[in-house]
Amino acid sequence: MRLPEGHHKRRLFGDGGFKFGDKRAFRSSWNGDGLNDGYEVNTSNTDPNDSDSDDDSLNDGYEVNTSNTDPNDSDSDDDGLSDGYEVNTSFSNPTDSDSDN
């Protein structure tokens, strides 16, 4: 799931969210995925309220820090198999489109 354009701006500057320079924007992970909320909002463009932004059964922290897959794309190598399926079921490489053959 990709966040709507401007989501991070609303989170940082409006709707009761964080203000520029607010240290809460860099608190530890609100959703338990291991990515700090400021990183999710400002760098990876993942949802700090959802531990699995692309709904592929791998949490965002695992995708960024371990599998090197895209936490905003459920099929990082575009081979038709979700990253979660490749890691948890077929044990193939989710970054190599030919690893399941």
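Helices are DSSP runs of H or I with at least four residues, strands are runs of E with at least two, and both are numbered from the N terminus. The model is predicted, so to speak of local features a pLDDT of at least 70 is needed and side-chain atom pairs count only at pLDDT 80 or more, while totals for chains, interfaces and linings use all residues. Residues are numbered from 1 along each chain as its sequence is written, and side-chain values use heavy atoms, with hydrogens and water left out.

**Whole chain.** Select the protein: it has 4 helices and 0 strands, in the order α-α-α-α from the N terminus. Of its 101 residues, 42% are buried; buried means under 20% relative accessible area, exposed means over 50%, and partly exposed lies in between (1.4 Å probe, protein chains only). The protein exposes about 5,700 Å², of which carbon and sulfur atoms supply 47%; these areas come from the Shrake-Rupley method with a 1.4 Å probe, and for residues only the protein chains shown count as cover.

**Helix H2.** Next, select residues 37-44, helix H2, where the buried residues are Asp-37, Gly-38, Glu-40, Val-41 and Ser-44. Just after H2 comes Asn-45, in the loop between H2 and H3. Asn-45 is not a glycine, yet its phi is positive, about 55°. Its relative accessible area of 33% makes Asn-45 partly exposed.

**Gly-61.** Move to helix H3, residues 60-67, and select Gly-61 within it. Is Gly-61 buried or exposed? Gly-61 counts as buried because its relative accessibility is 4%. Setting aside residues up to four places away in sequence, Gly-61 touches Asp-33, Leu-35 and Thr-66, where a contact means heavy atoms within 4.5 Å. Display Ser-51 as well: its C-alpha atom is 7.9 Å from that of Gly-61, and the two residues are 10 residues apart along the chain.

**Helix H4.** Finally, select residues 83-90, helix H4, whose buried residues are Asp-83, Gly-84, Glu-86 and Val-87. With H3 still displayed, note that the buried residues of H4 pack against H3. Phe-91 follows H4 and is placed in the segment after this helix. Phe-91 is a residue other than glycine with a positive phi, near 55°. Phe-91 counts as exposed because its relative accessible area is 66%.
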